[in-house]
Structures are given as structure tokens and as C-alpha cells.
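Hi,

Here is the structure I said I would pass on to you.

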Amino acid sequence: MLSYAVVIFAVAAVGGLVLAAHVLRNKFAPWALSLLHALLGAAGLVLLITLLVRGNAPQQVMIGFVLLLVAALGGFFLASFHARKKLPPKAVVVIHAGVAVAGFLTLASVLL
């Protein structure tokens, strides 16, 4: 199940790179891609919750989950700008991406 979550987060990350590139060039990101990015992130979090509830996950899975949950909260903050038709602060985009990458790498380290 962890493998599936990592793959889902990897696909979400590709979409996140496209979204971040738009914002960093002072352009609005495509709304459909934002929704897909959010849905993939949510699906990955649900898989991690399922894995954690079973009680047999390594500590790195919990750490990765917490980091990705924080990134998701940052994503909601970024989406609030999108909904108001305002560009979000670039620093928040970079922090969101950095926390998500840290969470992803923490999860991926379990598989290596």
C-alpha cells in the first residue's frame, strides 16, 4: 500500500511542478490541474491513514504523513488565493513544495 501512495504522490508532484511554474511566472495555474493535484494528494493521504491505522507502519511513514498533511494545509491556503482570483505569495508556493518533497522523500526512503 505504501508503494501505491508513493506513486500517487509522485504523479501529484508532477502536477505540482506545473502549477508552481505557472505561479512563479506570475500566471494563474489551470484550475482543473489544481483540483487533480489536490485529489491525488488526498488519495495518497487516505492510503497513508489506512496504513497507519493498521498499526504496522514504520516511524518514517508517520513522519512522512505529518509532513504531507502540513503540505496539504498549505495547499488549501494556496487554493484560497486561486478561488479569490489572486496570485499566491511565491514564498508560500516554495514552502508548500519543499514540505511536500520532504514528506515524499521520507516515505520513499522506507521503500529503498
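Let's start with histidine 22, which is found in helix α1. Keep in mind throughout that this is a predicted model. Is histidine 22 buried or exposed? Its relative accessibility is 17%, and the cut-off for buried is under 20%, so histidine 22 counts as buried. Leaving out residues up to four places away in sequence, histidine 22 touches Lys27, Phe28, Ala29 and Pro30.

Next, the core. The largest nonpolar core has 11 residues in all: Leu2, Ala5, Val6, Phe9, Leu45, Leu48, Leu51, Val61, Phe65, Leu68 and Leu107. Helices α1 (2-24), α2 (31-54) and α3 each supply at least two residues of this core. Which helix gives the largest share? That is α1, with 4 residues.

Now for α2. This helix has 24 residues and reaches 35 Å from its first C-alpha to its last, close to the 34 Å expected at 1.5 Å a residue. Which of its residues are buried? In α2 they are Ser34, Gly41, Gly44, Leu45, Leu48 and Leu51. The cover over these buried residues includes α1, α3 and α4 (90-111). Just after α2 you will come to glycine 55, which takes a positive phi of about 85 degrees.

Last stop, the aromatic rings. How many aromatic pairs are there? The count comes to 1. Phenylalanine 77 and phenylalanine 81 form it, edge-to-face, at 5.0 Å centre to centre and with 85 degrees between the planes. Both phenylalanine 77 and phenylalanine 81 lie in helix α3 (residues 59-83), where they are 4 residues apart, about one turn of the helix.

What about the exposure of these two? Phenylalanine 77 has 42% relative accessibility, so it counts as partly exposed. Phenylalanine 81 comes out at 13%, so phenylalanine 81 counts as buried.

Key
Residues are numbered from 1 along each chain as its sequence is written. This is a predicted model: local features need pLDDT of at least 70, side-chain atom pairs count only at pLDDT 80 or more; totals for chains, interfaces and linings use all residues. Side-chain values use heavy atoms; hydrogens and water are left out. Rings of Phe, Tyr and Trp (its six-membered ring) pair if their centres lie within 6.5 Å; planes under 30 degrees apart count as stacked, over 60 as edge-to-face and the rest as tilted. Buried means under 20% relative accessible area, exposed over 50%, partly exposed in between (1.4 Å probe, protein chains only). A nonpolar core is a set of buried Ala, Val, Leu, Ile, Met, Phe, Trp, Tyr and Cys residues joined through side-chain atoms within 4.5 Å. The expected span of a helix is 1.5 Å times one less than its number of residues. Contact means heavy atoms within 4.5 Å.
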